[in-house]
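Hello,

Here is the structure I promised to pass on. Please open it first, then read my notes below.

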Amino acid sequence: MRSLCVDLGQRSYPIHTGTGILADPSLFAPALSKGPVAVVTDSNVAPLYLETLQKTLKALDKPSLTIILPAGEESKSLDNIQEIAGRLLSAGYGRDCTLCALGGGVVGDITGFAAAVYQRGVAYIQVPTTLLAMVDSSVGGKTGVNHPLGKNMIGAFYQPQAVIADTDTLDSLPEREFRSGLAEVIKYGLINDQGFFSWLEDHMDAVLAREPDALTKVIRHSCKDKADIVARDELEGGLRAILNLGHTFGHAIEAATGYGQYLHGEAVAIGMVMAADLSRRLDLIRESEQDRIYALVKATGLPTLAPALPVADYLGFMRVDKKAEEGRVRFILLRGIGSAVITGDVPPAAVTQTLQAFMEHGHA
Ligand SMILES: NC(=O)c1ccc[n+]([C@@H]2O[C@H](COP(=O)([O-])OP(=O)(O)OC[C@H]3O[C@@H](n4cnc5c(N)ncnc54)[C@H](O)[C@@H]3O)[C@@H](O)[C@H]2O)c1
Ligand SMILES: O=C(O)C(=O)C[C@@H](O)[C@H](O)[C@H](O)COP(=O)(O)O
Ligand SMILES: [Zn+2]
């Protein structure tokens, strides 16, 4: 087991990663408030890992209420916040309760937001069970739900008490979900970690084979990269926005296709190769760098073609992106592998050219 800290002053918390740690009460104990616990999970994860977590909580004298949401992105809705609050109220849960998010990013995001707003804020713990949740969504306190008009449009920055990532849970993760998580891993290499990007180029076969050492390196390295950025800019005043590489296009793809057709990581993968294309069109990166980015995303088995939709649909969703300022969409672009830049100065014609290219043939 290894622990690292997300350094946020009074809101600091540990990220524990290791095998078998879901059954370790000593990791949960310091993160629990005085009152009862509610575990929020989904219909796929509950039959696999709920019993283990319940036993761990019972060992701490914390028998728990369980809230099981239908699996999938569609569950990240305001209706389910109402549902969770209703269940907590019916059970008489007060401000001293702790919510436990057992599952992927969907469960983590919605549970975190429920914790942020239930009785104006209760404690919560992230127990990620997907690669994507272990390397990204469980860390950093971005919580929220989707709206038909835009992804993650209702939410809050609200940090957990701890992240407890038992890597054994990845044994049951379907291949497509595993690869989806790797999109966010590649993102860290691209935005500020050239060495990690090169390591991924050299070790992608071992990662895809889920070799324990490679997997452990991927998870711990990604968590460290994310924790460092979050510690420097918790509320996304500036720097943190680089974690959004590929998301301006990616979120538009998810929303325009009704959430669920593309996994989040798949949409981000397409968005990242599009951001690389846009960066090359603006002479920020060389063609050889764009080729390397495309090759790594391809080697990971992630999609690289955007769904064929009217350009106006894409632009409509991109306009509501949360990074927009004074009505201008801001993009995260690359100045090289390992270096990201946030810019609101992108000529609309270049954006349209990238959109058209990736709907028609992808990377040239
Ligand atoms: N808050 C953030 O900073 C942040 C960062 C990245 C992504 N996200 C959000 O995270 C969500 C995507 O998360 P995700 O990719 O984990 O999706 P997910 O939560 O939908 O989980 C993927 C699928 O895998 C199943 N599953 C989970 N763990 C499993 C396991 N161990 N074994 C078998 N099946 C398992 C789930 O039931 C689901 O069907 C998106 O909504 C995205 O917007 C948030
Ligand atoms: O933690 C962050 O900051 C991120 O941007 C991480 C992203 O991978 C994640 O998808 C996040 O939910 C996107 O946030 P949003 O503010 O663009 O909705
Ligand atoms: Zn993301």
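**What turned up**

Helix α9 is followed by G258, whose phi is positive, near 80°. Keep in mind throughout that this is a predicted model.

Let me stay with α9 for a moment. How many residues of helix α9 (residues 247–256) are buried? The count is 10 of the 10, so the helix is largely enclosed by the rest of the structure. The buried set runs through H247, T248, F249, G250, H251, A252, I253, E254, A255 and A256. Charged E254 is buried along with the others. The cover over these residues includes β8, α10, α12 (311–319) and β10 (331–336).

One residue of α10 is worth a look here. V268 is found in that helix. It counts as buried because it has 29 C-beta neighbours inside 10 Å, where 20 or more is the cut-off. Leaving out residues up to four places away in sequence, V268 touches A183, E184, K187, G246, H247 and G250. Two of these contacts, H247 and G250, are also among the buried residues of α9. T248 is 20 residues from V268 along the chain, and their C-alpha atoms are separated by 8.6 Å.

Now the overall layout. Across the boundary, 27 residues of domain 1 are in contact with 29 residues of domain 2. On the domain 1 side, the elements giving two or more residues are β1 (2–6), β2 (13–18), α5 and β8 (150–157). Helix α5 gives the most, with five residues. By class, that side of domain 1 divides into 13 nonpolar, eight polar and six charged residues.

There are two ligands to check. Where does ligand 1 lie relative to the two domains? Both domain 1 and domain 2 give residues to the shell around ligand 1, so it lies between them. That shell holds 32 residues, and the closest are N44, G104, G105, T130 and S137. Elements giving two or more residues to it are α4 (105–117), α5 (131–137), α6 (175–192) and α10 (264–281). The shell has nine nonpolar, 15 polar and eight charged residues.

Ligand 2 also draws on both domains, with at least three residues from each in its shell. Around ligand 2 you will find D136, G140, K142, K151, N152 and E184, as well as E236, R240, L243, N244, H247 and K322. One of these is nonpolar, four are polar and seven are charged.

Last, helix α7 (residues 194–208). Its 15 residues should span 21 Å at 1.5 Å a residue, and the end C-alpha atoms are 20 Å apart, which agrees. Even so, α7 has a kink of about 65°, centred on D202. Which of its residues are buried? They are F196, F197, L200 and V207. The buried residues of α7 pack against α6, α8 (212–232) and α11 (287–299). After the helix comes R210, with a positive phi near 55°.

Best wishes

Conventions: Residues numbered from 1 in each chain as written. Chains lettered and ligands numbered in written order. Predicted model: local features only at pLDDT ≥ 70, side-chain atom pairs only at ≥ 80, totals over all residues. Near = placed C-beta within 6 Å. Helix = DSSP H or I, 4+ residues; strand = E, 2+ residues; numbered from the N terminus. Domains from an automatic or database assignment. Contact = placed C-beta atoms within 7 Å. Expected span 1.5 Å × (residues − 1). Bend = angle between axes of the 7 residues up to and from the residue. Buried ≥ 20, exposed ≤ 12 C-beta atoms within 10 Å, placed from the backbone.
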